Amino acid sequence: MDEPEKSKRGFASMSAEKRREIARKGGKSVPAEKRSFSQDSALAAKAGKKGGQSVKPANRSFSRDHALASEAGQKGGTATHKKRQQGDG
C-alpha cells in the first residue's frame, strides 16, 4: 500500500541554512549575564539533579551505558576547556 506524501511545513520546509539562522538567533536571545545558570552554578546543579530524577533509573541512558556517559563527559570537558582558552568561559 502506498503511503501519501507528507507535506513539508514549518521547519521541514526550510533549507538547512535557514534553520541554522533561526537557531543562532535563539541562542543569542538572552545575554550570558542574564542566564541564571551561568550566574548560579548551585542552581544549575539543583536543576540538573531534579531533571535527572524525573526519569526512571532503568531508563537513564548513562546508568545503562557507562561508556556513553564517559564519552559525553569527555566531550563536555573538551568543550569547556576550549571555551576557557578562548576567554568565553
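The side chain of Arg20 meets that of Glu17 in a salt bridge, with an N to O distance of 3.2 Å. A salt bridge is defined here as a side-chain nitrogen of Lys or Arg within 4 Å of a carboxyl oxygen of Asp or Glu. Side chains of opposite charge can pair when their charged atoms come close. Both Arg20 and Glu17 belong to helix 1, which spans residues 16-27, and they are three residues apart, about one turn of the helix. Glu17 is likewise classed as partly exposed, at 41% relative accessibility.

Glu17 also takes part in a salt bridge with Arg24, in which the closest N and O atoms are 3.4 Å apart. Arg24 is partly exposed, with a relative accessibility of 42%.

A further salt bridge links the side chains of Lys25 and Glu21, at 3.9 Å from N to O. Lys25 and Glu21 are four residues apart in helix 1 and so are separated by about one helical turn. The relative accessibility of Lys25 is 54%, and this residue therefore counts as exposed, whereas Glu21, at 30%, counts as partly exposed. Through salt bridges that share partners, Glu17, Arg20 and Arg24 are joined into one network. The search of the whole structure found three salt bridges.

With regard to the overall fold, the protein contains five helices and zero strands. Helices (H or I, at least four residues) and strands (E, at least two) are taken as DSSP runs and numbered from the N terminus. The order of the elements from the N terminus on is α-α-α-α-α. The protein has 89 residues, of which 0% count as buried. Its accessible surface comes to about 8200 Å², and carbon and sulfur atoms account for 54% of this area. Accessible areas were computed by the Shrake-Rupley method with a 1.4 Å probe, and for residues only the protein chains shown count as cover.

Residues are numbered from 1 along each chain as its sequence is written, and side-chain values use heavy atoms, with hydrogens and water left out. As the model is predicted, local features need a pLDDT of at least 70 and side-chain atom pairs count only at pLDDT 80 or more, while totals for chains, interfaces and linings use all residues.

How values were computed
Buried means under 20% relative accessible area, exposed over 50%, partly exposed in between (1.4 Å probe, protein chains only).
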